[in-house]
Amino acid sequence: MATNEDLANLLFPEVTETIADLEKRFPERNLPEGAQVTRFAPSPTGFLHTGSLFTAFIARTVAKQSGGVYFFRLEDTDTKRTIAGSADDLIHQLSQFGIVADEGYFPDGDKGVYGPYQQSKRASIYKVVIKELVRQGKAYPDFMTADELAALRKFQEDNKILPGYYGPYARDRRLTVDEAIEKIKAGTPWVIRYRSMGDHDKKIKFTDRIRGTIEIADNDVDIVILKGDGLPTYHFAHVVDDHFMRTTIVTRGEEWIPSTPIHLQLFRDLGWKAPKYAHLPVIMKLDHGNKRKLSKRKDPEAAVSYLLKIGYPPKAILVYLMSIANSNFEEWTFQNKSYDYTQFPFSFKKMSLDGALFDESKLNFFAKEVLAGIPTSVLAPEVMDWAKENDAVLSSKINQDPAYFTKILGIERDRPNPRKDYAKYSDIEPATRFFYDEDFAKIKANPLPFNPKYEPSFLKAFFADAAEKMAYGTTESTWWDSVKSIAAAHGFAIANKDYKANPSAYQGSVSDAAELIRIALTGAKDSPNLHEVIEILGKDHVQQRLRSAI
RNA sequence: GGCCUGUUGGAGAAGCGGCUUAACUCAUAUCCCUUUCAAGGAUACAUUCAUGGGUUCGAAUCCCGUACAGGUCACCA
């Protein structure tokens with residue numbers, strides 16, 4: 001009679017290593033007390049999702065703040081869904097947020113001694129553990145076909161039985177070793193399933209760092225741990241990898257809560273210490289009055305690349321995400337007068353339990369704050385880099401005259417109360433068009449929006465005078481005085497009070513006079529500080545625009 | 001359908017048995033300031049904490065039921 005040992009050797013003749021060898025190869029990390037090892041472990045199945053960025057960000061924050069290690073692992077065991085190049089895109093995008101792993105998978109090769117960090121390259125490691133499991137009778141080959149499995153499922157559903165491969169429905173669990181060996185030798189395709197000893201009627205408890213104690217029925221399903229293609233399933237790979245990579249806290253989406261008993265069972269039966277778990281809330285979106293997960297297909301903001309493309313500064317996105325993660329972060333920013341999230345003491349306990357709605361207006365608020373805090377000398381190159389990749393129109397304007405653009409960008413900026421009119425880089429180009437003659441010509445293709453109460457001849461005279469007599473190259477107050485005296489000469493009230501007291505005695509107030517100049521120069525009733533606009537445009541341009549306004 | 005998780009204003013949320021007439025922030029609105037806008041300042045915005053019961057002198061806070069929402073039940077992660 002054949003033994004489990006024989007079965008194990010038949011299944012995995014090539015495996016000679018043991019679990020003990022693996023323990024030696026991947027020793028405990030020598031980290032200071034309290035240091036946490038976290039990871040971000042995405043599948044290379046598409047672009048970086050806002051929720052994934054959130055998860056990665058939290059994982060890295062926890063590692064950094066505890067003086068630990070944050071690593072990146074590629075979970076590419078689903079070869080059918082893998083999208084070529086997406087792993088490298090993921091890493092590249094993360095790096096734009098400054099989220100760079102201490103160790104793990106990198107496009108140009110692994111870094112770190114706990115690798116390989118790519119699951120498809122760890123097949124031999126999983127097999128060592130699985131062989132041992134088979135040897136101990138804790139795992140067994142299953143020969144059910146997809147059709148048979150489907151039929152089982154249908155039968156269970158029709159009879160309102162809990163679906164799954166467990167207990168009485170785990171057909172091949174009861175195969176003798178001899179029967180199994182015979183089928184294998186006959187070339188019957190197989191997968192390896194874990195022989196669960198769990199009792200579905202019993203509940204197990206575990207502590208979630210965010211949610212506290214969670215109680216949930218124990219797993220009694222004989223899950224597959226090794227697929228037909230020789231790669232492990234997520235459940236098994238997670239347990240083996242996070243054990244041998246010595247992860248201390250697993251941060252992952254809350255969709256994993258229901259399968260945690262499987263993982264805990266595996267850890268326990270393998271005699272390994274399970275990591276701590278923190279199941280993060282998922283970022284949601286309001287859709288026709290219902291909350292739902294941000295969807296890659298329906299919601300552009302779900303793709304981090306989109307947020308970057310329209311020019312949100314990465315820091316602003318991170319600041320926003322931190323405000324969702326710990327709502328006291330906002331208060332902290334007031335007290336510390338800083339948006340430096342790396343200094344903020346993040347806490348799992350302060351995380352909300354249900355998923356936050358992605359709120360674009362709040363993102364905009366933070367983005368304006370963050371952008372306003374960046375000095376022009378730093379901002380300008382960032383905008384230039386962004387434009388080069390994402391905005392050909394802006395980019396060519398910048399290239400025409402970088403210094404001119406920098407001046408425009410610097411309007412009312414480097415001061416205690418900077419302007420906050422840009423939330424994202426793509427807001428800049430439309431707001432600054434009037435500075436460029438080609439664009440201004442287009443603006444002027446439509447009649448300028450002067451108040452119709454002014455006769456063209458009056459305007460012409462006023463603008464001619466203004467062009468001539470306005471102070472250039474002076475301080476704002478000198479310039480403003482010159483404007484006032486020109487306005488007065490044309491019948492405007494110098495003080496708004498005077499105008500209000502006796503409107504019929506004047507052409508208007510100084511405000512009206514300023515508005516006329518503003519429209520003549522920018523084509524709009526709203527603009528940044530007029531004096532700065534004039535100084536940037538330069539005397540020649542200003543005179544030319546004023547004289548040709550009508 | 002079973003199970004899990006959740007439910008405080010338009011949004012993020014604080015609060016965890018009396019100090020709550022529910023903090024703070026975003027959004028929105030109005031006013032002030034102002035040469036426009038952005039900003040800044042001020043004010044308004046939940047008589048009520050999904051809902052129905054219960055416990056208690058007292059509940060958003062504790063207990064039970066109901067509803068609703070999200071998640072999960074794969075050789076996907």
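**Exercise 1. Count the helices and strands of chain A, then describe its overall dimensions.**

Start with the count: chain A has 24 helices and 14 strands. Helices here are DSSP runs of H or I with at least four residues, strands are runs of E with at least two, and both are numbered from the N terminus. Keep in mind that this is a predicted model, where local features need pLDDT of at least 70 and side-chain atom pairs count only at pLDDT 80 or more, while totals for chains, interfaces and linings use all residues. Residues are numbered from 1 along each chain as its sequence is written, and chains are lettered from A and ligands numbered from 1 in the order in which they are written.

Next, the dimensions. The C-alpha trace spans about 115 × 50 × 40 Å along its principal axes. The radius of gyration of chain A is 33 Å, whereas a compact globule of 550 residues would come out near 24 Å. That radius is taken over C-alpha atoms, and the globule rule is 2.2 Å times the number of residues to the power 0.38.

Finally, the packing. Buried residues make up 34% of the 550 in chain A. Buried means 20 or more other C-beta atoms within 10 Å of a residue's own, exposed means 12 or fewer, and partly exposed is in between, with C-beta atoms placed from the backbone. Of the contacts between residues at least 6 apart in sequence, 73% join residues at least 24 apart; a contact needs C-beta atoms, placed from the backbone, within 7 Å.

**Exercise 2. Work out the strand order of the open sheet of 3 strands, and find which strands stand at its edges.**

Write down the order: β4-β5-β8, paired antiparallel. A pair requires at least two DSSP bridges between the strands. β4 (139-142) and β8 (224-226) each have a single partner strand, so one side of each lacks a neighbour in the sheet. From one strand to the next, the twist averages 45°.

Now zoom in on β5 (residues 191-194): 2 bridges join β5 to β8, and Ile192 has Leu226 of β8 as its bridge partner.

α5 (residues 123-135) lies across β4, β5 and β8, at about 100° to β4. Axes are lines fitted to C-alpha atoms, for helices over the stretch in contact, and angles run from 0 to 180 degrees between N-to-C directions.

**Exercise 3. Characterise the surface near RNA strand B.**

First, the nearest residues: of the 64 around RNA strand B, Glu75, Asp78, Gly228, Ser352 and Asp354 come nearest. "Near" means a C-beta atom, placed from the backbone, within 6 Å of the strand.

Second, the make-up: 23 nonpolar, 16 polar and 25 charged residues. Ala, Val, Leu, Ile, Met, Phe, Trp, Tyr, Cys and Pro count as nonpolar, Asp, Glu, Lys and Arg as charged, and the others, Gly among them, as polar.

Notes. Contact = placed C-beta atoms within 7 Å.
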